[in-house]
Amino acid sequence: TAADIVSAWKQALGNSAVNLFPDMLNSMAGNGLQGMDQWIRSVEPMLGALRGEGASLLQMPAFGFAREHQERLQALAQAQLDYQEANKGYNALMLRASQEAFEIFEKMLSEREGLGQQIQTPRALFDLWVDAAEQAYAAIALSPDFRSASSTTTSRRSNIARVLRRSITTRSHSSPRCCAR
């Protein structure tokens, strides 16, 4: 039955509530390639403690000889927390697209089953799955919610890069030069 095929398909993909689209896009970078996404994932555990009560520490005034450095670190941590919050909304929409893709896939299979049309090859099954996933993603991608979530996530990610660049530039200009004349 169509439900059995969809269940097997979910199992083959590794999880019944898998968030297909972000996982697929993240895997396109390839092994050994590092970028902003990998850096963000690597600092998430450290910043996890800053959520909730710890976030108030980011608002504390800096003082002492290293106050500028502390302010830069606070700004970077706040930018990261803002990005994580925005990314939750984006990922929720992608999860919804993944779930809807499975629903559309099952509907397409049921329609074929009702008409007595059997899927003859794995390629035909895969093509049907791609059509279902594209339909689900298109419905989400054209929604106002997606536009808002996508633009907010992109803006917050750009803010991390800006704050990080400013921190590196400031730090490099304040460091003594070993070979300066």
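**Exercise 1. Find which side chain of opposite charge is nearest to the buried residue Arg-72, and how far away it is.**

Solution. Step one: Arg-72 is buried but has no salt bridge, and Glu-68, the nearest side chain of opposite charge, is 6.1 Å away. Here buried means under 20% relative accessible area, exposed over 50%, and partly exposed in between (1.4 Å probe, protein chains only). A salt bridge needs a side-chain nitrogen of Lys or Arg within 4 Å of a carboxyl oxygen of Asp or Glu. For charge, Lys and Arg count as positive and Asp and Glu as negative, while His and the chain ends are not counted.

Before going on, a word on the model: it is predicted, local features need pLDDT of at least 70, side-chain atom pairs count only at pLDDT 80 or more, and totals for chains, interfaces and linings use all residues. Residues are numbered from 1 along each chain as its sequence is written, and side-chain values use heavy atoms, leaving out hydrogens and water.

Step two: Arg-72 sits in helix H4. Helices are DSSP runs (H or I, at least four residues), numbered from the N terminus. Step three: leaving aside residues up to four places away in sequence, Arg-72 touches Val-163, Ser-167, Thr-170 and Arg-171, where contact means heavy atoms within 4.5 Å.

**Exercise 2. Work out with which residue Glu-68 forms a salt bridge.**

Solution. Look at Arg-67: its side chain meets that of Glu-68 in a salt bridge (3.8 Å, N to O).

**Exercise 3. Locate the salt bridge of Arg-123 and say in which helix its two residues lie.**

Solution. First, the partner is Asp-127, with the closest N and O atoms 3.1 Å apart. Next, Arg-123 and Asp-127 both lie in helix H5, four residues apart, about one turn of the helix. Finally, Arg-123 is exposed, at 57% relative accessible area, whereas Asp-127 is partly exposed, at 32%.

**Exercise 4. Decide where the buried residues of H1 lie around its axis.**

Solution. Begin by listing the buried residues of H1: Ala-2, Val-6 and Trp-9. They cover an arc of only 60° around the axis, so they are on the same side of H1; the arc is that of the directions from the helix axis to the C-beta atoms. On the face turned away from this buried side, H1 carries the exposed residues Asp-4 and Gln-11. Last, what covers the buried residues of H1 includes helix H4 (67-114) and helix H5 (122-141).
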